[in-house]
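Today I am opening a new notebook page for one protein model. I will jot down what I look up, step by step, so that you can follow along.

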Amino acid sequence: MKYSAMLKKSTCPYCGAAEFSEDSNGDLICEYCGGMVFEAAGRDDSDESQEALEDMKTQISDYARQKKRWLKITGFNLMILFFVMLAAGLTVELDYVGIGSLLAVAGAAFSFAAPVIQTFKKPNVPVVTGKSSKILSCLGMYALFFLVFWAGIFTAAIITVMAS
C-alpha cells in the first residue's frame, strides 16, 4: 500500500477518481472504474523507482489539468454552435432568410471542422493499458456536434411555434 499512499493526491487517468487499491499482483487499481494506474514489475525502494513514480504522478496531474481545459473548450464550442443554429433558425422563421442561411452555413462549417480539431487537441492519457483510437473519438465528437446542431434548430422551431 505504500505506492497507493504516494498517489493519494493524484487522480485516475480514466475516470478522475482519487482512490486506489493494490491488487494481489501489486498493481494499483482505481477503486471506481477498475483502470490500472500503476503496474507492479519488480518494485523496489530505489531512487530510480521513486523518481519514476514521481514522474508518473506529475504526468497524471498534468493530464488531469489538460483534460479539464479541453473539456471547457469543447463545452464552449458546443455552446457557440447551439446559439448560432438557434439564431439561424429564428432569423429564417422571421423572414430574414439571407442572414439565417448565412448563419446555418457558418454553423454547418463549424460543426464539420470543430470535431476534428477538438479530437486532435484532446490530451493523451499518460498511463495506458490499451491504445485509444483518434478516429473513434472523432466520430463521437461528430455525433455530439450533430446533435447540438439540430438541437439549436429544433429549439428555434419550438420558440417560433410557441410565440405564434
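**Entry 1: a leucine on the outside.** I started with Leu 102, which is exposed because its relative accessible area is 60%. I noted the cut-offs: buried means under 20% relative accessible area, exposed means over 50%, and partly exposed lies in between, with a 1.4 Å probe and protein chains only. Leu 102 sits in helix H3, residues 97-121. I then looked across to Ala 88, 14 residues away along the chain, and found 7.7 Å between the two C-alpha atoms.

**Entry 2: what kind of model this is.** I am working with a predicted model, where local features need pLDDT of at least 70, side-chain atom pairs count only at pLDDT 80 or more, and totals for chains, interfaces and linings use all residues. Residues are numbered from 1 along each chain as its sequence is written, and side-chain values use heavy atoms, with hydrogens and water left out.

**Entry 3: the overall plan.** I found four helices and three strands in the protein. From the N terminus on, I read the order as α-β-β-β-α-α-α. Helices (H or I, at least four residues) and strands (E, at least two) are DSSP runs, numbered from the N terminus. Of the 164 residues in the protein, 30% are buried. I put down about 10,300 Å² for the accessible surface, with 64% of it belonging to carbon and sulfur atoms. Such areas come from the Shrake-Rupley method with a 1.4 Å probe, and for residues only the protein chains shown count as cover. I also looked at contacts (heavy atoms within 4.5 Å). Among those between residues at least 6 apart in sequence, 52% join residues at least 24 apart.

**Entry 4: the core.** Which residues make up the largest nonpolar core? I listed 10 residues in all: Trp 70, Leu 78, Leu 81, Met 85, Ala 88, Ala 114, Met 141, Phe 145, Val 148 and Phe 149. H2 and helix H4 (134-163) are the elements that give two or more residues to this core. The largest share, five residues, comes from H2. A nonpolar core here is a set of buried Ala, Val, Leu, Ile, Met, Phe, Trp, Tyr and Cys residues joined through side-chain atoms within 4.5 Å. I picked out Met 141 and, leaving aside neighbours within four places in sequence, found Met 141 in contact with Trp 70, Thr 74, Pro 115, Gln 118 and Thr 119.

**Entry 5: rings.** I counted six aromatic pairs in the structure. One of them joins Phe 149 and Trp 150, edge-to-face, at 5.3 Å centre to centre and 75° between the planes. Trp 150 also pairs with Phe 154, this time tilted, at 6.0 Å centre to centre and 35° between the planes. Rings of Phe, Tyr and Trp (its six-membered ring) pair if their centres lie within 6.5 Å; planes under 30 degrees apart are stacked, over 60 edge-to-face, and the rest tilted. Trp 150 and Phe 154 are both in helix H4, four residues apart, about one turn of the helix. How buried or exposed are these rings? Phe 149 is buried at 13% relative accessible area, Trp 150 is partly exposed at 34%, and Phe 154 is exposed at 52%. Phe 146, Phe 149, Trp 150 and Phe 154 form one aromatic cluster.

**Entry 6: a salt bridge.** I found one salt bridge in the structure. Asp 62 forms it with Arg 65, and their closest N and O atoms are 2.7 Å apart. The rule is a side-chain nitrogen of Lys or Arg within 4 Å of a carboxyl oxygen of Asp or Glu. These two residues are about one helical turn apart, because they are three residues apart in helix H2. Asp 62 is partly exposed at 28% relative accessible area, while Arg 65 is exposed at 52%.

Entry 7: Phe 76, Met 79, Ile 80 and Phe 83 make a nonpolar surface patch of about 380 Å². Patches are made of residues with over 30% relative accessible area and no salt bridge; like charges are joined within 9 Å, and nonpolar side chains (Val, Leu, Ile, Met, Phe, Trp, Tyr) within 5 Å. Met 79 belongs to helix H2, residues 47-93, and is partly exposed at 42% relative accessibility.
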